[in-house]
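Work through these exercises with the structure open. Try each task before reading its solution.

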Amino acid sequence: MSQDTTFDDMSTLDRKMVERLSAYIDGELPQAEQDELENRLATDEALRGRLASMRKVVGSLQHLERAAPPPLLGEQVARHIRLDERRTTLFDRIQEAAPLGQPSPLMALLGVVLALAIFIYMLSVVNARRQEQPTLPIVFEHESMIVAPDLDAEQERVVELMRLRWIDGAWREAGLGLADPTTVLSMRSPEAADLVASVPDLEPLLTFEQPVMIRLRSQVVRFEPAPPP
Amino acid sequence: MEAISVPLTGSNPDLDLVERHRYGDEEAFAELYERFAPMVYNLALRLAGDATYAEDLSQEVFLRIHRHLSRFNGRSALKTWVYRVAINHCRSRLSRRKRAAQPLWEDDEERGVQLTDERRDPESRALATDSSRQVAAALAEVKPKFREAVVLRDLEGLSYDEIAQVLGVRIGTVRSRIARGRDQLRTVLERS
């Protein structure tokens with residue numbers, strides 16, 4: 001092992017040897033390893049050289065003078081502790097963990113703009129959702145059709161079977177796609193009469209004055225209202 | 001006012017100190033500071049390589065110790081626990097530090113760092129100071145994780161077992177890190 005070789009350039013075997021030399025200097029080598037190393041040192045001059053240079057490094061470190069703590073350090077610590085005990089806000093703790101620095105006017109302005117942008121976006125989302133709602137609210141089917149202009153939680157809970165929404169000029173089953181293939185049935189037609197007769201729950205549809213679209217036996221059906229008498 | 005009785009063990013001075021702190025005895029923390037300030041400051045100094053920054057780090061370390069001292073449970077020695085807090089804090093701060101460390105050896109005196117060995121004559125002190133600066137400069141070039149191990153061993157005099165506890169690694173890793181750190185230091189010193 002050459003004395004000039006650095007640790008990174010050494011073979012695994014040599015690295016282990018340097019580790020042993022280092023632990024040997026510290027008196028932290030198990031007895032068996034120590035005996036083995038001393039035997040090798042007796043015959044290997046390069047290894048002895050390596051040991052000597054490592055001892056020199058260790059000696060120079062151990063002679064490095066210790067610095068006395070600055071005289072005011074204790075007072076500064078005491079002051080920080082007093083401040084810390086007064087400090088209770090979460091922001092202070094975060095600021096200490098990850099200092100954000102002094103907020104600049106530009107950063108403050110950016111913050112305001114960002115908050116405003118988020119507010120406007122949220123407002124537009126709420127508006128868009130409102131516009132999706134039918135003017136006349138939701139029609140439910142329970143035991144019979146109920147028009148529920150003032151929907152409340154109780155109705156929401158009891159009414160489950162069918163849900164219609166007023167979308168684009170027709171009552172549609174909630175979730176029914178506009179592109180679904182549709183069968184159009186006039187309320188006056190015999191087919192509509194048969195269908196309504198076979199599903200008594202559909203009877204209230206006859207009273208509707210607007211078209212109604214529902215999914216019935218895997219088929220989307222649009223009932224056209226009967227003309228006023 | 002009724003005096004509060006602090007339940008002390010009598011056999012474990014570390015735990016007794018912590019218990020007194022827990023019961024609000026301000027003298028307890030003052031004692032802890034006196035005991036560990038040189039150790040914390042020198043550790044910070046050698047890891048940061050900058051006296052001013054070491055002072056800041058030391059303040060922060062003692063603040064953390066003050067906050068968390070009540071959690072010390074005596075499973076390790078208080079000294080080991082303090083070293084662990086100090087090492088973890090310095091490591092975290094130094095890794096975030098943007099600017100390169102201002103090496104201590106360039107301007108110790110301007111920064112008011114007091115080296116403690118006053119017994120030597122002026123000439124040998126000047127020589128020693130030169131040599132110290134050179135070693136400190138070389139130490140700053142050693143990779144941080146190896147430097148930590150070397151500083152704990154050769155400057156602070158901890159055993160391998162204590163270093164393993166402070167760094168939270170196995171003894172084999174400590175042995176390897178110390179050897180690598182010393183070898184890097186040797187390379188830097190020989191080059192300079």
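**Exercise 1.** Where in chain B is the place of Arg170(B)? Then decide: is Arg170(B) buried or exposed?

Solution. First, the ground rules. This is a predicted model, in which local features need pLDDT of at least 70 and side-chain atom pairs count only at pLDDT 80 or more, while totals for chains, interfaces and linings use all residues. Residues are numbered from 1 along each chain as its sequence is written, and chains are lettered from A and ligands numbered from 1 in the order in which they are written.

Step 1. Find the element. Helices (H or I, at least four residues) and strands (E, at least two) are DSSP runs, numbered from the N terminus. Arg170(B) sits in the loop between helix H8 (160-167) and helix H9 (171-191) of chain B.

Step 2. Count neighbours. A residue is buried if 20 or more other C-beta atoms lie within 10 Å of its own, exposed if 12 or fewer, and partly exposed in between; C-beta atoms are placed from the backbone. Arg170(B) has 11 other C-beta atoms within 10 Å, so Arg170(B) is exposed.

Step 3. Relate it to H8(B). Tyr160(B) is 10 residues away along the chain, and the two C-alpha atoms are separated by 9.3 Å.

**Exercise 2.** Which residues of H8(B) are buried, and what covers them?

Solution. Step 1. The buried residues in H8(B) are Tyr160(B), Ile163(B), Gln165(B), Val166(B) and Leu167(B).

Step 1. Their cover includes helix H4 (78-96), H7 and H9 of chain B.

Step 2. Look just past the helix. Gly168(B) has a positive phi of about 70 degrees.

**Exercise 3.** Repeat the analysis for helix H1 (residues 13-22) of chain B. Why do its buried residues line one face of the helix?

Solution. Step 1. Leu17(B), Val18(B) and His21(B) are buried in H1(B).

Step 1. Look down the axis of H1(B). The buried residues fall within an arc of 95 degrees, so they line one face. The arc is that of the directions from the helix axis to the C-beta atoms.

Step 2. H2 and H4 of chain B are among what covers these residues. After H1(B) comes Gly24(B), with a positive phi near 85 degrees.

**Exercise 4.** How many helices and strands does chain B have, and which residues have the most contacts inside the largest nonpolar core?

Solution. Step 1. Chain B has 9 helices and 1 strand. Along the sequence the pattern is α-α-α-α-α-β-α-α-α-α. Of its 192 residues, 40% are buried.

Step 1. Define the core. A nonpolar core is a set of buried Ala, Val, Leu, Ile, Met, Phe, Trp, Tyr and Cys residues joined through C-beta atoms within 7 Å. The largest has 62 residues, and Val40(B), Ala44(B), Val82(B) and Ala86(B) have the most contacts inside it. H2(B) gives the largest share of this core, 11 residues.

Step 2. Zoom in on Val40(B). Two residues are in contact if their C-beta atoms, placed from the backbone, lie within 7 Å. Leaving aside neighbours within four places in sequence, Val40(B) contacts Ser58(B), Val61(B), Phe62(B), Val82(B) and Ala86(B).

**Exercise 5.** Which element supplies the largest share of the side of chain B that touches chain A?

Solution. Step 1. Size the interface: 40 residues of chain B are in contact with 29 residues of chain A.

Step 1. H9(B) supplies the largest share, 12 residues.

Step 2. Sort by type. Ala, Val, Leu, Ile, Met, Phe, Trp, Tyr, Cys and Pro count as nonpolar, Asp, Glu, Lys and Arg as charged, and the others, Gly among them, as polar. The side of chain B that touches chain A has 19 nonpolar, 12 polar and 9 charged residues.

**Exercise 6.** How do the axes of helix H4 (residues 73-86) of chain A and H2(B) cross?

Solution. Step 1. The axes come within 11 Å and cross at roughly 105 degrees. Axes are lines fitted to C-alpha atoms, for helices over the stretch in contact, and angles run from 0 to 180 degrees between N-to-C directions.

Step 1. Classify. Angles under 35 degrees count as roughly parallel, over 145 as roughly antiparallel, 65 to 115 as roughly perpendicular and the rest as oblique. H4(A) and H2(B) are therefore roughly perpendicular.

Step 2. Name the partners. Leu73(A), Gly74(A) and Val77(A) of H4(A) meet Tyr33(B), Ala37(B) and Tyr41(B) of H2(B). These divide into 5 nonpolar, 1 polar and no charged.
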